Each structure stands twice: as structure tokens, then as C-alpha cells.
Amino acid sequence: MSSKIYDFSSLTGSIDAALNSWMSPGLAVLTELVIIGLVFLIFYALLGLFLVYLERKVCAVIQNRVGPNRVGKWGLLQTIADLIKLLMKELIPIRKADHLLFVLAPFIVIIASFMAMGAVPFAKGLHVLDFNIGVFYVMAVSSLGVVGILIAGWSSNSKYPLIGAMRSGAQIVSYELSVGLSLMAIVVFSGTMSLSGIIESQADGWWIFKGHIPAFIAFIVFLIASTAEINRGPFDLAEAESELTAGFHTEYSGIKFAFFFLAEYINMFIVAALGATVFLGGWMPFHIGNWEGFNQVMDYIPSIVWFFTKTFFIIYVIMWFKWTFPRLRIDQLLTLEWKFLLPISMFNILLIAFLVLMHWHF
Amino acid sequence: MSEEIIKDVIVRENEDYIINMGPQHPSTHGVLRFEVCLKGETVKYLIPHIGYIHRGIEKMCEADTYQQIIHLTDRMDYLSAHINNEAVCMVVEEAMQVEVPERVKYIRTILDELNRLASHQLWWCAFGMDLGALTAFFYGLRDREHILDIFEESFGSRLLHSFNTPGGLMHDVHPNFQKRTKEFITYFRKKLPEYDQLLTGNIIFQERVKGVGYMSREKAIAYGVTGPSARGSNLACDIRKIAPYGAYDKVQFNEILMTEGDTFARYQVRMGEMWESMKIIEQLIDNIPEGDFTAKMKPIIKLPAGEYFKRVETARGELAVYVVSDGNKTPYRMKFRSPNFSNLFVMNELAAGGKIADLVAISGSLDLVIPDIDR
């Protein structure tokens, strides 16, 4: 059905063939890994910078402001200027801090988000890590970041970061459950954990449309829980500016701080990409039943455009949350998860299993 | 006072987990330091430490003439600068037995209320920030800018205007003053409901403020809490009603009282006061009598020997000015009873036992201005 969509695997396949033709297979694989790594690093940095710029523009729109508009056209170079500033800033050594862990923490956070990024299907055939437990892998890897946050809070030898880190630990461990269960809902629907398999199962309609109300509930739970999991407002208790000054990264400066900052934005992208892939069909175009003409027009839009449109829609919603809602208190945060979201998503899974058993979904 | 109203002296223990909130902290709104003892997330006790911005204003007053003192009072509660000025002017006028013209009284009252509006708007901004609602800050500042523009046009300065002078005003208001004030009131009547839409009705906001930081009426009296913070605990303490000054006896307005005594009640009192302030301005703005902008005063003011006392209602509560004069051109002793000083020390009673986030919400709802505490 989606044969008309351009498949990036023909491009990657030809590169692979070209490399294999003039070097040994082992060397070719090594070269490919290096190329992918480099491309990813560059993409990661540019995406981070763009997301920071986007957030500043979105919050400016919400707050009746203009946002950055001086450096470059429409302020596009503002975040690059900020990055240069952060690179040149002094890395302040903390007395009596655990130096090894203090330096290690930002890297753990950033590596976790980098690993999760590998499993994101950007377009048809443009998918680095595609294996049968894709959803499981993303969940496992993205929760590694909390280790870095805990280490950052502990090794700073300071009181505000410690409180922030403990909050973050409690928060992420709790909300991981809801994120997992809401993703499980779609895994039950599609019968596979592989991200490409989930996308293929949405060729005739996205799960949010054909999954009835349970899929919609799962999507809402996923949005709330994933916002909490990436420590963004209204769940940004770990860095709660007005309470803990900056939470777990209070003592960090310069580029080490920028690592946390970057990882936070990339995590937002990963969560949005995962939501778009699982609930909104990833790179799959919008199709309606047997409207052949309409479906063909939709197929002309490249798959990479579909993916980024959906992802940035979810990113916008997450930003919208942050700039509209006040912050929750820690006990309310945990109450929301353990007393509402978790029971709802557990019940939802049962409901979906029942639906699938009775073949009541499309 | 009896023990059940005021708690025992705080006893520090060695194993207490103490964090210092401030003097540089985003939510203390200035250089105030809370020594907070935590048990996990729960606040065990907190001790406010003041004095980081102490400038000795009361002592400086003893070396200054009364016209100069006006400028010092701006720097106490800088968000109610005009109301502070008025308190000193009223003391001097009473001591010199000068009757200020009606026009001055009307204009002073309108400016008082505009000042109160601007102050409450900024409080609303900062309160939203404290709770993590960052957009609230820009909504409030957007509207406050209109008031500051009116001030700027008439006095040339936006925050610390020192427009009052013993006997009247520095000069007459700008010809546009009436027109622009009326325009602002029409504008703000449309914009104030937006505040409710953005924050008041929000479920997260209500969860954060309802039932948090309960202050009983007795406690408010025991600690000398005044202003909107006390009126949230059903304590009628509005000086504008108790001892009307300026043109307050000529206008109809309600004293907003709430019985709940929690953070949300204090929030609602201030929101209600914004509506009342607009009502007061509307009643006065069209009826400003013609006349002089100041009474005849001698260039060198020497108060007759004696003691003088006057109080006004600032945006945060009762400001009382007490002057002892020995007949010279400078006061012998000057004492300010500032509202924030009393409002601050009830913090431990309200915040102990709550969470850190509650502490931030409570200190926001008391609307503290630190230079007014330290003076």
C-alpha cells in the first residue's frame, strides 16, 4: 500500500553496496558505524539548538512577547551564540565534591538520551536500530538518565541538588510505570514490540483513531506521564526554580550545565517521537479507508515530513503545558501517578486485551 | 499572649538538615534569608533572618529635613512608594495644622489606588512565578506597564516617584492624567478576568493553594499581621475604613474579607481588592475639584515640639509613622511601623509542617517586600 512512499533504505543500501565493493566487509561495517555516529552527533547538536530556539519562540508567543530576534534572521542564531557563551564559561570546581561522579553525571544523562535516539524511526527506511523489542529498548535506555541525575545531585555535595535529585528519582521511577503501560496498550493492539512493526500496523489508520477510546486514554496518559518523565513543567520538580533554585544542576556551570540542558530537550524530542510513532503512525501518511485519491495525495508528502510534523505537534503540546500550568507539589505528583494514572492505565490494558480478544478493533 | 497562639521558641538540634533559602533565592523576592530545617520534603521549622538590606532609614531621617525624608520612604516599600510618601506628608501636615486642598486629597487617593493596583499586579505576577506558572508573570507586567506609563507622564518617574510633598503635591498632574486613567480602567476591567482564566480556575493552582498555610484570626492579631494577608483571616483591619484619610470618606467601597484564612483566601482578597481599587478610582476621577495643587508651606518646615502619629493602608498592610520632634527642622526620632515586618514573622507558624513548595506559596501569599522589613 505504501509502496509509493520513498524508501530511504534504497539510499542506505546503495551506500552499503558502494562501501562493500572496495573494502572488506568488516571495515565497511566499521565505516558505516562511524558515519552513523557522526551524522547522529551533528543531528543531535543541531536538534538540541533548534528545540531551545523553538521553546523560546513558543513561550514568547504564549506570553505576549517577541522572543529572540536580534542574532541572525528572526534570532535563529541566538542559541548558537548561547552555546558559544556556555563553551567559554568557567567550569567551577566544587570543593569536597566527588569529582569523578561530578564530571561523569552529565555524560550519563546525555549518553542515555543518545542511545534512545538510535531507535527512533525518522522515515521509511531511515531507522538505525530496528529490532524486535524496540519499545522495550527505548523504555530501558531512557530510564538510565535518572541515574545521571541522581549522581549529579549526590556528587555536588550541596543541599538543593540532593533534594532535587531525590525528587527526580521518586518521580521518574513512578512515572516510568505509566509510560510503559500506556505504550503496552498499543503493543497489545499491534501484537509487536518492534517500532517498525508498529508503524506497519498503522498503514490503514493510526492507532489513536482505530484503537477506540482505550487508545485515546492511553495517549493522554502517555502525554502526562512522559512529560513527567522528562522533568518538564508542570512536573519540573527536580529543578523547581522557585523552590530549589535549579535543583540537581545547581552546582554545574558552563558546558556541563549545557549537557543537562541539551539532554532535557533531546529527551523531549525522543518522547514526542515515540508518541508520534506509537500513537500517530510515525512516518505513515494519513489515510482514510478507501478514498484512493486522497490517500495517493497523502502519499506524495515524504515520510520524513510526516514524522517531523507529528513529533513537533507533540513537542508543541508539551511546551504548551509547561508555559500554562503551575507546578505540582511532590505529594500531589505522586498521588496523581499512584492513585490515578497507574490504575487507569492498568484498567485500560485489560480493556484493550478484551477488545483485541473479541476482535472489536478495526 | 497565651501559649496556644504563639508557639514556643524554636530549638535547634545538631542533626537538623538545614538549608538556607536566600539571601539569593528566586522566591524570597529580595535579600531575605530563611533558615529552613527539613525532614525530607517537610519543613520542620524555619527562622527568618533579616538585615541584608538594612540601610538605617530611621536613623538617616534624624539628619534630614522633612522634605528629604519623603525620598527615603520611597525606598522602604518600593511598590507602595506613593502611599509611603503620603504617610509622612500627613504627619507633617497634621503637626503644622495645614489643611490640604480638596484637589490634593482627591489626586492623592487616586494615585494611592493606582499604586495599590500596580503593586497587586506585581504580586500576582510573582505569586504565579513562585508556583511555577511563568506565563502569569508576563500577563501582570503587561498591565502594570500602563499604570507606570501614567505615573511617568505625571511625575517623570515610574517606581519611586516622591510626588507628594508636605502640604500637597510637587506640581499638578499632567493634563492627560484623567483621560489616561479612565482609559486604563476600561482596559483593565477587560483584562482582570484573564487573570482568573489563566490561574485562579486552574486545578493545579487550586490544589496548591487551598488549605495551605492556615492562619487563624487570633494568630493574625497576635502577630500583628495586617493588610490583605490578615483580611484573608477575617480580620477587618483596613485603615481606609477604620480611620479614613484623603478622600476615602467620600467613596463607596467594600473591604474584602475571607474566612478561610488559607493561601487561597489571601489570594482572593487581593484579587477582590483590585476590583475595589478600580471602583474607587472611577468614583473620584471625574470629580477632581479645581484648585491649588499644594497648600502654602514655609520653605523650612519645623514641627512644633511633640509627638505625632499617623497611619495609612499600603498595599501590604498598615504603615504607621511616629515622629518625635524637638522643634528643629529635623525630627528627633522617627519610627516606621512597617507592615511587612510583622507579616514576615508569622511565616514559621504557617509553613512548619508543610512541604517546601508550600513554604514558597505561603511566602508568596504574604506578599513580602524585603526593603520594607529591613528599612
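How many helices and strands does chain B have? Chain B has 15 helices and eight strands, where helices (H or I, at least four residues) and strands (E, at least two) are DSSP runs numbered from the N terminus. This is a predicted model, in which local features need pLDDT of at least 70 and side-chain atom pairs count only at pLDDT 80 or more, while totals for chains, interfaces and linings use all residues. Residues are numbered from 1 along each chain as its sequence is written, and chains are lettered from A and ligands numbered from 1 in the order in which they are written.

The radius of gyration of chain B is 21 Å, close to the 21 Å that the globule rule gives for 375 residues, so chain B is as compact as a globular protein of that length. Here the radius of gyration is taken over C-alpha atoms, and the globule rule is 2.2 Å times the number of residues to the power 0.38. The C-alpha trace of chain B spans about 65 × 50 × 35 Å along its principal axes.

We start with the sheets of chain B. In one open sheet, three strands of chain B follow the order β1-β2-β3 with antiparallel pairing; two strands pair if DSSP finds at least two bridges between them. Its edge strands are β1 (17–21) and β3 (42–49) of chain B, each of which pairs on one side only. Direction ignored, neighbouring strands of this sheet are turned by 25° against each other on average. Angles here run from 0 to 180 degrees between N-to-C directions, and axes are lines fitted to C-alpha atoms, for helices over the stretch in contact.

The bridges show how this sheet is joined. β1(B) is linked to strand β2 (residues 33–39) of chain B by five bridges, and the two run antiparallel. B:I19 has B:V36 in β2(B) as its bridge partner. On the other pairing, seven bridges connect β2(B) and β3(B) in the antiparallel sense, and the partner of B:V36 in β3(B) is B:L46. β2(B) and β3(B) form a hairpin with two residues between the strands, and B:G40 in this hairpin takes a positive phi near 70°.

Another open sheet of three strands in chain B has the order β6-β7-β8, again with antiparallel pairing. Here β6 and β8 of chain B are the edge strands, each pairing on one side only.

Strand β6 (residues 306–313) of chain B is joined to strand β7 (residues 318–325) of chain B by eight bridges, and the two run antiparallel. B:V312 stands opposite B:L319 in β7(B). Four residues lie between β6(B) and β7(B) in their hairpin, and B:G317 in the turn has a positive phi of about 145°. Five bridges pair β7(B) with strand β8 (residues 333–337) of chain B in the antiparallel sense. Opposite B:V321 stands B:F336 in β8(B), and opposite B:V323 stands B:M334 in β8(B). Helix α3 (residues 81–96) of chain B lies across β6 and β7 of chain B and runs at about 145° to β6(B).

Two packed helices are described by the angle between their axes and the distance between the axes. The axes of helix α2 (residues 25–62) of chain A and helix α12 (residues 254–279) of chain A come within 9 Å and cross at roughly 90°. That makes α2(A) roughly perpendicular to α12(A); angles under 35 degrees count as roughly parallel, over 145 as roughly antiparallel, 65 to 115 as roughly perpendicular and the rest as oblique. The contact includes A:Y44, A:L47 and A:G48 of α2(A), and A:L262 and A:Y265 of α12(A), two residues being in contact if their C-beta atoms, placed from the backbone, lie within 7 Å. By class, this contact of α2(A) with α12(A) has nine nonpolar, one polar and no charged residues. Ala, Val, Leu, Ile, Met, Phe, Trp, Tyr, Cys and Pro count as nonpolar, Asp, Glu, Lys and Arg as charged, and the others, Gly among them, as polar.

Helix α10 (residues 212–229) of chain A packs against helix α15 (residues 330–358) of chain A at an angle of about 150°, with their axes 10 Å apart. α10(A) and α15(A) are therefore roughly antiparallel to each other.

Finally, the two chains touch. Chain B gives 24 residues to the contact and chain A gives 23 residues.
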